[in-house]
Amino acid sequence: MPRATFETALGRCAISWELSGLIGFELPGALAREGDTADAPGNVAAIISQAQEHLAGKLRDFSDAPYDFSRVPGFAKAVYCATLAVKAGQTASYGNIATALGQPPAASRAVGAALGANPWPLLVPCHRIVAADGKMTGFSGPGGIKTKLRLLALEGSELFAE
């Protein structure tokens with residue numbers, strides 16, 4: 001699978017793809033690997049550019065990116081699609097996502113598990129999903145909750161606006 005690393009205002013990220021679409025994204029802290037390419041196809045290069053802009057404060061929406069959802073279970077795909085509806089500067093709870101999927105709020109743990117396995121963090125904005133009481137819960141990306149808070153602050157979330 002082709003993979004490219006690229007620099008952003010917050011550090012090095014990486015993106016992986018196949019002909020079928022994007023299969024992975026790595027938040028700042030990604031390490032370069034042997035075999036990484038500097039020649040991403042046009043649609044992937046555009047997403048790299050948008051991610052760089054987003055992490056520099058010029059917010060972008062990645063809801064129309066060419067994700068390869070065939071690699072994730074059906075429930076996870078539904079969670080990721082619902083999460084894509086949460087725009088920059090907004091947050092939703094795990095229970096909100098469960099409800100949007102027609103599930104009871106008790107399904108929030110399953111939503112959290114799906115988001116913990118999100119292959120496209122930042123692009124599928126799992127950092128915008130918080131506990132029902134607004135508290136920060138675990139974040140599986142590099143830097144954990146500190147990274148989640150940093151991304152929310154960058155996006156102007158009301159919870160973290162100065």
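The buried residues of helix α2 pack against α3 (94-100), α4 (108-116) and β5 (129-130). Here, buried means under 20% relative accessible area, exposed means over 50%, and partly exposed lies in between, for a 1.4 Å probe and protein chains only. Contact means heavy atoms within 4.5 Å. Helices (H or I, at least four residues) and strands (E, at least two) are DSSP runs, numbered from the N terminus. Helix α2 covers residues 74-84. Its buried residues are Ala76, Val79, Tyr80, Ala82, Thr83 and Leu84.

The model is predicted: local features need pLDDT of at least 70, side-chain atom pairs count only at pLDDT 80 or more, and totals for chains, interfaces and linings use all residues. Residues are numbered from 1 along each chain as its sequence is written, and side-chain values use heavy atoms, with hydrogens and water left out.

An open sheet is formed by 3 strands in the order β1-β2-β3, with antiparallel pairing. Two strands pair if DSSP finds at least two bridges between them. The edge strands are β1 (3-8) and β3 (21-26), and each pairs on one side only. On average, neighbouring strands of this sheet are turned by 25° against each other, direction ignored. Axes are lines fitted to C-alpha atoms, for helices over the stretch in contact; angles run from 0 to 180 degrees between N-to-C directions. Helix α1 (residues 42-55) packs on the sheet and touches β1, β2 and β3. The direction of α1 makes about 25° with that of β1.

The strand pairs can be taken in turn. Strand β1 pairs with β2 (residues 11-18) in the antiparallel sense over 6 bridges. A hairpin of 2 residues joins β1 to β2. Thr5 has Ala14 in β2 as its bridge partner. Strands β2 and β3 also run antiparallel, joined by 5 bridges. They form a hairpin with 2 residues between them. Glu18 has Gly21 in β3 as its bridge partner. In β3, 5 of the 6 residues are buried, so this strand is largely enclosed by the rest of the structure.

Thr8 lies in strand β1 and stands opposite Gly11 in β2. The side chain of Thr8 reaches the backbone oxygen of Gly11 at 2.6 Å. A polar contact is a pair of N or O atoms within 3.5 Å; within protein, one must be able to donate a hydrogen and the other to accept it, and residues adjacent in sequence count only if both atoms are side-chain atoms. Thr8 is buried, with a relative accessible area of 13%. Not counting residues up to four places away in sequence, Thr8 touches Cys13, Pro28, Gln52 and Leu55.

The largest nonpolar core holds 40 residues. Such a core is a set of buried Ala, Val, Leu, Ile, Met, Phe, Trp, Tyr and Cys residues joined through side-chain atoms within 4.5 Å. Ile15, Leu22, Phe25, Tyr67, Tyr80 and Trp120 touch the most other members. The elements giving two or more residues to this core are β1, β2, β3, α1, α2, α3 and α4.

Phe25 touches Phe6, Cys13, Ala14, Ile15, Ala51, Pro119, Trp120, Pro121, Leu122 and Leu123, not counting residues up to four places away in sequence. One of these, Leu122, is found in the loop between α4 and β5. Leu122 counts as buried, at 2% relative accessibility. Phi of Leu122 is near 80°, a positive value in a residue other than glycine. Most residues other than glycine have a negative phi.
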